[in-house]
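Please open the structure in a viewer and keep the selection tool at hand.

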There are 2 protein chains.
Amino acid sequence: MSISSRFAVGVHILALLEVNKGEANSSEFIAASVNTNPAVIRKIIGMLKKAGLVNVRPGIAGAQPAKNLSEITLHDVYKAVQVVQEKELFSVHDQPNPDCTVGRNIQDTITPMFSAAEQAMEKALDNVTISDVVDDILRKEAVQ
Amino acid sequence: MSISSRFAVGVHILALLEVNKGEANSSEFIAASVNTNPAVIRKIIGMLKKAGLVNVRPGIAGAQPAKNLSEITLHDVYKAVQVVQEKELFSVHDQPNPDCTVGRNIQDTITPMFSAAEQAMEKALDNVTISDVVDDILRKEAVQ
DNA sequence: TTACATGTAATCATTTTAGTTACACGTTCC
DNA sequence: GGAACGTGTAACTAAAATGATTACATGTAA
C-alpha cells in the first residue's frame, strides 16, 4: 500500500508556483504540468489553503504561497493534504480477542510504538522545505 | 490511507507464540486471538516463514520463532509482511508534463527526499524488538 | 485410513483513490 | 447588465488494494 499521491502533487504545486511565479497558474495550467484533472488540483489547493500554505480566491486565476517557501516544510504539506486524515499511518487490527492476554493488550502496546515510528518519519519531512525542492529542481535543470 | 494491518497482525502472531509458547498455536487458535480467519493467519505466517522469522511445517500444528525474539525487530516484521512490496511507501504521481521544468524534474527530486523519510521510520522500527513487545504486554497484564 | 493441520488459489465485499462531469458562485471587463 | 473566465464543490465512476471467506490439495501422525 502506498501513501496517496496527493502529497507529491501538493509539493509539485507549491514548487510550480515558485518556478512559474510570473504566470497566473490557474488550476488548468497546473493540471497540465501535473498531468491530471483541474478539479483534482483545485481540491488539493483547497487543502493547502485551509492549512494556510497558499492564498487563492474564487474567480481569480492563480494561487500564491502564503508564506516564504523556506518556511514551508514537506511535513506541512503532508499534514495539509491529510494523507492519513484522523487515522494513524499504521493501522491496527481491531477487535482482537479480549479473552487472550495478547489480544487484550496488543493494541495499547503497539500503538505508541507505531506512533514513534510515524513521528520519526514526520521529523525527517520537517527537515526539507519547498525551497529545498525548488533549488534541487533548478539544479537538475541547469545540469541537463 | 493506512498501512496494511498485516503488519500489526504479524507482530501479534509473534508475540502470541511467546506468551503462549506451551501450546500448539495452530492457525485456528491464533486466528481466534487476532479475530480473523485462519487462512489469513496462514498467509501471514507464510510470509514470516519466508523471511526466516518463524518455523512452520505443513501438517504439523503450530509455529515457532526461528530466532530469539530479542533479535527480531518490528522492522523485520514490517519487511516480512511486505507492507509496501516492491513499491515505495510514498507514491509519486507518474507522467508529469515533460515540457514543464517542474514536471520533468519533480520525480527525481522528491523520490530521494521521500526515501529519507521512509528510512527514518524504518530505523525507528529497528529500535523495537518482539521481545520488547512481549515485555510490555506482560507488564500491562500484571498491572490490571 | 482417519483425523487434523498447513499451503494456496479463487472469489467477494468493502474501502480508497483519482478521474470526470457538472454547476453554483465570484471576478473582471466591456 | 452580461459575457468570459476562474474557483469551489458535490456527485458519480473506474480501478486498485485489502481482508474475509471458501475450497481443496498436500503433509503428518496415530
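A helix here is a DSSP run (H or I) of at least four residues, and helices are numbered from the N terminus. The model on display is predicted. Over all chains, the structure holds 8 salt bridges, and this tour visits some of them.

**First stop: helix α6 of chain B.** Select residues 130-143 of chain B, which form helix α6. Within this helix, Arg139(B) and Asp136(B) are 3 residues apart, and therefore about one helical turn separates them. Their side chains meet in a salt bridge, with an N to O distance of 3.0 Å. Is Asp136(B) buried or exposed? Asp136(B) counts as buried, because its relative accessibility is 15% and the cut-off for buried is under 20%.

**Next stop: helix α6 of chain A.** Now select residues 130-143 of chain A, the helix that contains both Arg139(A) and Asp136(A). The side chains of these two residues form a salt bridge at 3.0 Å, N to O. Asp136(A) has a relative accessibility of 14% and so counts as buried.

**Last stop: between the chains.** Select Glu141(A) together with Arg104(B), whose side chains meet in a salt bridge of 2.6 Å, N to O. Why does this pair join two chains? Glu141(A) lies in helix α6 of chain A, whereas Arg104(B) lies in the loop between α4 (74-80) and α5 (106-126) of chain B. Arg104(B) is partly exposed, at 34% relative accessible area, and Glu141(A) also counts as partly exposed, at 21% relative accessibility.

Key:
Residues numbered from 1 in each chain as written. Chains lettered and ligands numbered in written order. Predicted model: local features only at pLDDT ≥ 70, side-chain atom pairs only at ≥ 80, totals over all residues. Heavy atoms only, no water. Salt bridge = Lys/Arg side-chain N within 4 Å of Asp/Glu carboxyl O. Buried < 20%, exposed > 50% of the residue type's maximum accessible area, 1.4 Å probe, protein only.
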